[in-house]
Structures are given as structure tokens and as C-alpha cells.
Amino acid sequence: MESGRRKGLNGVLSSLSLLCVILDIQLDGVLGATHVEIEQHLEMGRKLLAAGQLAEALSHYHYAVEGDSKNYLTYYKRAAVFLAMGKSKSALPDLTRAIQLKPDFLAARLQRGNILLKQGNTQEAREDFETVLQRSPDQEEAQDQLMRANELEELREDAHAAHHRGDYSTTITVLDRIVELSPWDPETRELRAECYIRLGDPRKAIQDLTPTTRLRNDNRAAFLKLSTLHYSLGEHQESLGHVRECLKLDQDDKDCLSHYKQVKKLSKQLDSAEEHIEEARYQEAIVKYESVMRTEPNVPYYTNKANERICFCLVKNKMAAKAIDICSEAHQRDPRNINILRDRAEAFILNQDYEKAVEDYQEAREFDKESNEIREGLERAQKLLKLSRKRDYYKILGVNRSANKQEIIKAYRKLAQQWHPDNFREEAEKKEAEKRFIDIASAKEVLTDPEMRQKFDSGEDPLDPESQQGGGGGQGGQGWPFHFNPFESGGNYHFKFNH
């Protein structure tokens, strides 16, 4: 029985030996095939890199690195692709691995030193340049870069000294050169952004902070700062976008979450107000913009914007007196805003104060000579001013420009009864009454006819022969409608006011 067990054990051992031989043969075949494949990937990567197809080239170099993790050149070539793609962070580990595999690989050291210098890591960059120069003292690029590393450290000392004494303009001048030497250093850009903010130039601060969100991992502070800067400029949508990026990195970040709620609330109110305006729901828009001022009373942009749009809505609602007050307040806050000047001019027109309307349009025209809307508004205001010095139908009837047809007819009846020529006996008084009566009837005719009223509101008198060929009217634009004067033949005329 013992003999049988031995035979069985020997059989198992023989089978295992045979299996190992077979696996060894197969493994040799696999390794041989892998080596060929690696060369093929390297060749394809080289061709694609030369053709500028970087993403495709990178995929082939990934395969080559996975297939042969001991080849320093493969890492170096993949690093070259990363650099061509602008991914210096990804290139750095590959260059370091290439140097570990071949410490005397000077090209990799020089390239790594260049990246470290651009990242602002002067100490490690200097070590790489010095190592290159120890082995190759005449290497010009290493000599130049070592000088730049020394210059960079000196400039940093100068920048921090200027910043410490509050000389932000000088700090920025020094930092400009530092950024040229180390464009991938987030600290330099953050410091320059702070200086721009202190000097009241948030736009340039935004330009500096934007790349730092990519240069520094998990840069929630930069996203929050960008959001607050855009918010202060009135760019609530951009502000919302940046604070959302912060919350993507950490949804529980207290500062970002608090700011997000504020921006979201304000943004919703602003969007809602503009929707109401688009739908001609001006009173509702006014209410929303008043909410905006309560939500954010500390940022001048939003108060100014709210007053500007409330001014616009009041004009649309033909509330002239209130519009003039709000528009004037908005104009004081933002004196170069042509929209406010335009809207106040329209409020003055509603109030029949054409001289002030012309003044506002002329001022707006000074700020924007290219605007057709401002040019046309000025021309209309000037026409209305000219007409008002001849005959203003609204003033004749004593009604506002926003008066409806019923109000116009009511005013006409009252004045027509008051100035009817039969009410006067003296010849001079009767003639004056006739003139007034004709003007009253003309005003009623123009203002109760939608087409004629629109022409008059545009600065054109539909009864004035000077502005209307064959448009009716008597001498000097004071004629009776339809060329008929009931007083020409004398006699007494009696009218019934049953309109």
C-alpha cells in the first residue's frame, strides 16, 4: 500500500514538472510578443507625436510603460507628450522615474529642472541644474536656468519687502517678472491678485486667480475668491459658477455653502425681475428689484441696477413724477449710465418737460455717439420741444401724456363749454374764445384718434401743414379740423356735447 502511495506521489510530481515546463515555454512566447508590441507602441507614439495627435500618442506610450516599467526612455518620451499637452504635473513623475532608472540621464534632469523652476521650486530646480553642470560644465541651457533660479529668489525677496511696506504697485512690477520666470507658481499669482484687489482692480485679480484653480489641487479658496469678486462686479451667473466648483470639491465647505445660498437667492430674484419685464409685468418687476436691494444692500452694483430698472418700469407704467425721482437718484449713483438718462428723458416727456428731456438725451449722446436709440430719442424730444412752443394738445386740454380717451373727452367737454364763443359778448373776447375753442376741438380730434395721437407723440403735428402735406389745419397751424371754421360766416352756433 505504501508503494502505491509513492507511485501516486511521483505521478503528481511528474505532472507538475511537465506543467511548469509548458508554462515556462508559453511565458517565453508571451514575453517575446510583448517586446515586439512595446516597440510597435513606441513607434506609433513617435509618429502620432510628430503629427500633433497628442492624445492618441499618449495612449500608445501608456501601453509601452505598462509593458516595460524598467525602460527610462519610455518614461521620458511619455513625459514629452505630457509637456506637449500642457500637463507639466503629469510629466514630472515620469521624468523623476526616468532619472531614478538612469541617474546620469542629463536630458531628463534638465527638463525636470525647467519644470520645477516654472513651478517656483527654486531649490530643487537648482539641484538639477547643478547636477547637469557637474557632469557637463559647458551646458549652456543649464547655466542660463541656474542664473534664472538665483534671480527668481532675489526677486521674491524684493516682492515680499515691497508688499510688507504696502507698496502694492512696486510689488506688482516685481511679480510681473517673477511670473515670467515661474508662470506655474500659484503663490505668485495669488499675491499679485491680492495687490490688484487692494489697488481696486478686481478684473486683473480675476485674471490671476483663474489659473490658480488648475495649478493648485483642491483650491477651494481660489474658487470662493473668484466667486466673491464676480459677485462684487454684478456678475452673479459667473459668481454662481465658481462657488459651485468649490462645492464640487467639498459639498460641506461652510464658507462656500453660505456664499452659494446668498448668490443663488439674489440670482433668482434678478432673473425673475427680468422675466417680468420681458412679459411687460412692470409692477411685479419693481417689487422684485426692491427685494434685490433688501437681499444685497452692501454691494453698490445691485442697488444701482435695481434703481435703473425700477426707473425703466415706472416710465413704462407712465408714472412720470415717481420715475423722475427714482431716475434722478439712480443718475447720481451712476452718472454715465445712458439707460438711466434715456429713461429719465422719457419720464420728462411724459411730464411734458421737453427741455429737460432734450438735455438728458444730449448728455446720453455725449457718452454714446453710436447708439441709434439715443439719436432717435433726441430727435423726437427736439421735435416735441419745437411743437410745444407752437401748440401742445395735451397742455391745451390740461391732461397728462398718459391720459386715456375717456379722460381726454371729459377734459374736452369741460373746456369746450367754458370757451364756447356764445359765452362771450365783447368782440375781442369772442375772437379769443373762438381761437381757444378751435384749439380745444383740434386737441380732442388728435388725441382721440390713435394714429394721429401716435404721430403727435413722435414729435409731428398731424394738423400742421408744415409737417403734414395736405394734413389739414388753418393759418399758422391754428385751423379748424377738416378745413372747416364754424365762426367764419358769423352768427351764433350752438353745440351739444354728447360725445
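## Stop 1: a buried arginine

Select R342 to begin: R342 is buried, with a relative accessible area of 10%. Buried here means under 20% relative accessible area, exposed means over 50%, and partly exposed is in between (1.4 Å probe, protein chains only). Before going on, know that this is a predicted model, where local features need pLDDT of at least 70 and side-chain atom pairs count only at pLDDT 80 or more, while totals for chains, interfaces and linings use all residues. Residues are numbered from 1 along each chain as its sequence is written, and side-chain values use heavy atoms, with hydrogens and water left out.

R342 and E373 form a salt bridge, with their closest N and O atoms 3.4 Å apart. (A salt bridge is a side-chain nitrogen of Lys or Arg within 4 Å of a carboxyl oxygen of Asp or Glu.) R342 sits in helix α17 (residues 338–350) and E373 in helix α19 (residues 372–388), so the pair ties together parts that are 31 residues apart in sequence. Helices are DSSP runs (H or I, at least four residues), numbered from the N terminus. E373 is partly exposed, at 47%.

## Stop 2: other salt bridges

How many salt bridges does the structure hold? There are 34.

- Select R46 and E43: their closest N and O atoms are 2.6 Å apart in a salt bridge. They are three residues apart in helix α1 (residues 2–50), which means they are separated by about one helical turn.
- Select R281 and E279: their side chains meet in a salt bridge at 2.4 Å, N to O. R281 is partly exposed at 34% relative accessibility, and E279 is partly exposed at 46%.
- Select D176, R189, R192 and D208 together: a network of salt bridges links them.

## Stop 3: the disulfides

Show the cysteines next. A disulfide is a covalent bond between the sulfur atoms of two cysteines; the cut-off used here is a pair of cysteine sulfur atoms within 2.5 Å. A search of the whole structure finds two.

Pick C246 and C256, whose sulfur atoms are 1.9 Å apart in a disulfide. The torsion about their S-S bond is about 85 degrees, so this disulfide is right-handed. C246 is in helix α12 and C256 in helix α13 (residues 254–278), ten residues apart. Both C246 and C256 are buried.

Then pick C311 and C327, a disulfide with sulfur atoms 1.8 Å apart. Here the torsion is about 90 degrees, so this disulfide is right-handed. C311 lies in helix α15 and C327 in helix α16 (residues 320–333), so the pair ties together parts that are 16 residues apart in sequence. C311 and C327 are buried.

What about C313? C313 is in no disulfide, and the nearest cysteine sulfur, that of C311, is 9.1 Å away. C313 counts as buried, at 0% relative accessibility.

## Stop 4: the nonpolar cores

Keep C313 on screen. Apart from residues up to four places away in sequence, C313 touches I277, Y282, A285 and I286. C313 is also one of the residues that touch the most other members of the largest nonpolar core, which has 48 residues. (A nonpolar core is a set of buried Ala, Val, Leu, Ile, Met, Phe, Trp, Tyr and Cys residues joined through side-chain atoms within 4.5 Å.) Helix α15 (residues 300–316) gives the largest share of this core, eight residues. Elsewhere, a second, separate core of 36 residues includes A64, I99, L133 and L181.

## Stop 5: helix α5

Select residues 106–118, which make up helix α5. Among its buried residues are A108, L110, I115 and L116. The buried residues of α5 pack against several helices, including α3 (72–84) and α6 (122–135).

Colour the model by pLDDT, the predictor's confidence in each residue, from 0 to 100. The chain's mean pLDDT is 86, and 86% of its residues reach 70 or more. Select residues 18–33: pLDDT stays under 50 there, with zero contacts beyond four places in sequence. Contact means heavy atoms within 4.5 Å. Residues 470–499 stay under 50 too, and the model has 58 such contacts for them.

Conventions
Helix = DSSP H or I, 4+ residues; strand = E, 2+ residues; numbered from the N terminus. Expected span 1.5 Å × (residues − 1).
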